[in-house]
Amino acid sequence: METAERIDPPARADGGTNYLNVNYGVRSWLLTVDHKRIGLLYLGSITVMFALGGFFALLIRLELLTPAGDLVGPDTYNKLFTMHGIIMVFFFLIPSIPATLGNFLIPMMIGARDMAFPKLNLASWYIFIVGALFTLWAVFTGGVDTGWTFYTPYSTVGSHTKVIPVAVGVFINGFSSILTGLNFIVTIHRMRAPGLTWMRLPLFIWALYATSIIFILGTPVIAITLALVGVERAFHIGIFDPALGGDPVLFQHLFWFYSHPAVYIMILPSMGVVSELITCFSRKAPFGYTFIAISSLAIAFLGFLVWGHHMFVAGMSPYAGLIFSFLSFAVAIPSAVKVFNWTATLYKGAIAFKAPMIYALGFIGLFTIGGLTGLFLASLGLDVHVHDTYFVVAHFHYIMVGGALMGYLGGIHFWWPKITGRMYPESLARIAALIVFLGFNLTFFPQFILGYLGMPRRYHSYPDEFQVLNVMSTAGASILGIGYLLPFCYLLWSLRYGERASSNPWGATGLEWQTPSPPPTENFPVTPIVDVPPYHYSEEEAVLV
Amino acid sequence: MSERATALAGQGNLPPATAHQFDDAVQQHEASGLGMWVFLLTEILFFGGLFTIYTVYRSLYPEAFGHASSTLDIELGTINTAVLIGSSLTMALAVHTAQVSRNGRLVALFLFATIALGSVFLGIKAIEYAQKFHEHHVPGPFFHYEGADPQQSELFFCLYFLMTGLHAIHMVIGVGILGVLGVMALRGRFGPDYYTPVELTGLYWHFVDIVWIFLFPLLYLVERHT
C-alpha cells in the first residue's frame with residue numbers, strides 16, 4: 001500500500017477552503033480551537049515580546065559601547081538586563097518553538113485532526129497573554145532590577161522595584177507551559193494515526209515529547225518558588241531570609257531545579273527542528289534514528305540532575321560540586337550523539353543549501369561551541385575563574401541564540417509554505433541567514449575573550465582596555481539586528497506577494513507534507529495510514545537531487 | 001485497552017460529548033484519563049517544592065519544629081483526617097455507581113455527601129486557623145511565640161499555613177467541581193456509557209486526600225511519640 005508515500009495531493013483543498021480562509025474576523029481567531037490558528041496567535045504574541053526584549057538588548061549594547069556609564073545610570077542598567085532576560089527567557093524562548101511550530105505541527109505530523117484538548121490549548125494562550133500583560137505592566141511602570149534569576153534575599157528584602165507583579169506574571173505564564181506540555185504528551189500518546197508507531201515518529205515529535213516532560217515536571221517547582229518569593233516579600237516571613245532563619249541558597253536550588261532544565265526546554269525543540277532540516281536537505285534518512293530519538297529523552301532526564309553547576313561558588317560542599325560537575329559532563333554525551341549523528345547524516349547526502357539548511361548548519365556549529373564552553377563552566381576549578389563574567393554570558397547566548405533561535409528561524413522558514421501557502425524569497429532568505437550567522441559570532445565571540453580576561457557581567461561601566469572587544473560586540477549586535485529585521489519584513493511581504501506553495505515544496509517525507517498548503521481545518525481529508533519507516537527517502541534521491 | 005474501555009465501546013451508543021478531534025468515545029476517555037494523570041504529576045511537583053523546603057528546615061531545626069508541632073490541635077487534626085478519608089469513600093462510591101448504574105440520584109447523593117464531608121473538613125480547618133490566630137502563631141508582624149527558638153518556630157508555622165493553605169485551596173476547587181457534577185448527575189448525564197468527569201474528579205479528590213495523609217504526620221505528629 002502506497003498511501004503513506006509522498007503522494008502529491010492537489011495544491012489546494014476542495015473549493016480552496018483552508019484553515020485561514022474558512023472564516024474571517026477577530027472573533028473567529030480569538031475564539032478558535034484550531035491548533036494551527038492557536039500556533040499563529042502565539043507566533044504573533046512572541047514576536048512582539050522578542051522585539052521588546054531585543055530593544056532592551058540594543059540599549060544594553062549601546063551602553064557598553066563606551067567604558068564610562070554614560071547612556072544610562074547603574075539602576076536603569078540593572079533594570080535593562082533584568083527585563084531583557086525575563087522577557088526573552090520566559091516570554092520568548094520557552095514558548096518559541098513548542099507553542100508556535102509545535103502547536104501547528106504536532107497534530108499534522110501524527111495524522112490527527114487536532115490536539116487532544118483544543119479548548120485547553122486556547123486557554124494556554126490566554127494564560128500566556130495574562131502573564132505577559134502582568135509583566136509588561138510592571139515593565140512600563142518602573143521595571144524590576146533583580147536579574148532574571150530573582151536571587152534572594154535581594155529580591156525579597158533588598159530591591160525596591162516591582163518584583164511581585166513580575167513574579168506573578170512569570171507564575172501565571174508557568175501554567176501556560178504546564179498545560180501546553182500536558183496537551184502535547186496526551187496528544188502524542190493517544191492521537192497518532194493508524195500505523196504511526198513510536199519508532200516511526202518524526203524526530204521533531206520526539207524532541208517535543210522530551211520538552212513536554214520538562215514542562216510538566218519542572219515548571220510547577222518554579223511556580224511554587226516564585227509564589228514563595230512573593231509571599232515572603234509581602235509578609236517578611238523569612239523562608240529565604242538568613243536574618244530570619246531562612247536559607248537563601250535553598251532558593252537557588254529550587255530556582256535552578258527548574259531553570260536549568262528550562263535551558264533544555266529551549267534547545268531540545270530546536271534540535272528537533274534541525275533533525276528535520278538536515279534529513280530533508282540531505283535527502284537521506286537520519287543516521288541512527290533511534291539514537292537521536294532516545295538522546296532527547298536522555299537530555300531531558302539528565303537535565304534534571306545538573307542544576308548545582310550554577311552554584312559552585314554559592315557555598316556548596318566539594319562532594320556535591322564533584323557530583324554536579326560529573327553529571328554536567330554526562331549531559332554532553334546525548335548532546336554529542338545528536339551532533340555526530342547530524343554530521344553523519346550529511347555524509348554522502350545530496351545537500352541543498354536552502355535557507356533553512358543554512359540555519360541548521362549554523363546551529364550545529366554554534367551549538368557545538370556553546371556546548372563545549374559549557375564543559376569549561378562545568379569544571380570546578382575553571383568555573384571559579386570565569387564565574388559571573390562575560391564568558392558565561394557568551395556561553396549561554398551561543399546555546400540560546402546561536403542554538404535555540406537559529407533552529408526557530410530555520411523551522412519558521414521550512415514550514416512557512418505549509419503555514420501560509422506562500423514561498424518566502426529564497427535568495428534574500430539565504431543572505432539573511434548568513435547575516436544572522438556572521439552578526440551573531442561578531443556579537444558574542446568577543447565576549448568569550450572579555451570574560452576570560454575578567455570583565456564581570458551586569459556592570460554598566462568597565463575599564464578602558466576592554467573597549468575594543470566591546471565595540472566589536474556592539475557592531476555585531478547591529479548586524480544581528482538587521483539579520484532579524486530582514487526575515488520579519490520579507491516574510492510579511494511574502495504573505496501577499498510570495499509565490500504560491502505546492503503541498504510539498506521541499507519533497508520532504510512526513511504527514512504534514514501530504515496535505516494541501518495551507519491545510520484544511522481538519523488537517524487531512526482522510527485519516528492517513530502509515531506503513532513505511534520514517535524519513536523514507538529513496539536511494540536514488542540521495543545521488544540525483 | 002482497558003476492560004472498562006472495551007465495555008464502554010461495547011455500549012454502541014456514543015455519548016453526545018465525543019469531541020470532533022476524537023475518533024470514538026474510547027479514545028476520548030483514554031485521552032482524558034491520561035491528561036488527568038499528567039496533571040496530577042504536575043501537582044505532585046507543585047506540592048513537592050513545599051515538601052522539599054519542609055525537609056530542609058526540619059533537618060536544620062529539628063527541635064524547634066518538634067515543639068512548634070506540639071502546639072497544633074491533635075484532636076481536630078485527627079478528626080479531620082478521618083473526615084477526609086470518609087469523603088474519599090463517598091467519592092469512590094459515586095464513581096462506582098456512575099460506572100455500573102443509571103441511577104443519577106444515587107450518584108448525586110454520593111457526590112453531595114462528599115461535598116458535605118469536604119465542607120466539614122474545611123470548617124474544622126477554619127476553627128484551627130482561628131485558634132492559631134488568637135494565639136498569635138500566624139507568621140508576620142503580629143507573630144508571638146513563648147517557647148524556645150521563636151524564629152525557627154515561625155518557619156514551621158509559615159510552612160504549616162502554606163502547606164495546609166494550598167491543600168485547602170485544592171479542597172475548595174474540588175468542592176466547586178463536585179457541585180457542578182452533582183447537578184449534572186441529577187439531570188441524568190452520567191451512566192455506564194459516560195462517566196469520565198466523575199472518574200477524573202475522583203482521581204483529583206483522592207490526590208488531595210493523599211496530600212493530607214502526608215501533611216498530617218509531618219505537621220501534627222513530629223513529637224507525639226515522646
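This is a predicted model: local features need pLDDT of at least 70, side-chain atom pairs count only at pLDDT 80 or more; totals for chains, interfaces and linings use all residues.
**Figure 1. Trp148(A) is a partly exposed residue, with 19 other C-beta atoms within 10 Å.** Trp148(A) sits in the loop that links helix H5 (118-140) and helix H6 (154-158) of chain A. When neighbours within four places in sequence are set aside, Trp148(A) has contacts with Thr82(A), Gly85(A), Ile86(A) and Val89(A). The view also takes in Ile87(A), whose C-alpha is 8.8 Å from that of Trp148(A), although 61 residues separate the two in sequence.

**Figure 2. Helix H7(A) is mostly covered.** Of the 28 residues of H7(A), 22 are buried. From its first C-alpha to its last, H7(A) reaches 41 Å. This is close to the 40 Å expected for a helix of 28 residues at 1.5 Å a residue. H7 (163-190) also supplies at least two residues of the side of chain A that touches chain B, which is the subject of the next view.

**Figure 3. Chain A meets chain B through 30 residues of chain A and 26 residues of chain B.** On the chain A side, helix H7 (163-190), helix H8 (203-235) and helix H9 (248-282) each provide at least two residues. H8(A) gives the most, with eight residues. By class, the residues on the side of chain A that touches chain B are 21 nonpolar, five polar and four charged.

**Figure 4. Helices H12(A) and H14(A) pack with their axes within 8 Å.** The pair consists of H12 (residues 355-378) and H14 (residues 390-420) of chain A, and their axes cross at roughly 160 degrees. An angle over 145 degrees counts as roughly antiparallel, and H12(A) and H14(A) are therefore roughly antiparallel to each other. The crossing of H12(A) past H14(A) is left-handed. The contact of H12(A) with H14(A) comprises 15 nonpolar and 10 polar residues, and no charged ones.

**Figure 5. Chain B is built from seven helices and zero strands.** Read from the N terminus, the order of elements in chain B is α-α-α-α-α-α-α. The C-alpha trace of chain B extends about 70 × 30 × 30 Å along its principal axes. Chain B has 226 residues, and 37% of them are buried. Considering contacts in chain B between residues at least 6 apart in sequence, 74% connect residues at least 24 apart. A pair of helices from this chain is shown in the next view.

**Figure 6. Helices H3(B) and H6(B) pack at an angle of about 60 degrees.** The axes of H3 (residues 62-70) and H6 (residues 150-186) of chain B are 8 Å apart. From H3(B), the contact draws on Ala64(B), Phe65(B), His67(B), Ala68(B) and Ser69(B). H6(B) contributes Gln152(B), Ser153(B), Phe156(B) and Phe157(B). The contact of H3(B) with H6(B) has five nonpolar and four polar residues, with no charged residues.

Conventions: Residues are numbered from 1 along each chain as its sequence is written. Chains are lettered from A and ligands numbered from 1 in the order in which they are written. Two residues are in contact if their C-beta atoms, placed from the backbone, lie within 7 Å. Helices (H or I, at least four residues) and strands (E, at least two) are DSSP runs, numbered from the N terminus. Ala, Val, Leu, Ile, Met, Phe, Trp, Tyr, Cys and Pro count as nonpolar, Asp, Glu, Lys and Arg as charged, and the others, Gly among them, as polar. Axes are lines fitted to C-alpha atoms, for helices over the stretch in contact, and angles run from 0 to 180 degrees between N-to-C directions. Angles under 35 degrees count as roughly parallel, over 145 as roughly antiparallel, 65 to 115 as roughly perpendicular and the rest as oblique. A crossing is left-handed if the near helix is turned anticlockwise from the far one by less than a right angle, and right-handed if clockwise. A residue is buried if 20 or more other C-beta atoms lie within 10 Å of its own, exposed if 12 or fewer, and partly exposed in between; C-beta atoms are placed from the backbone. The expected span of a helix is 1.5 Å times one less than its number of residues.
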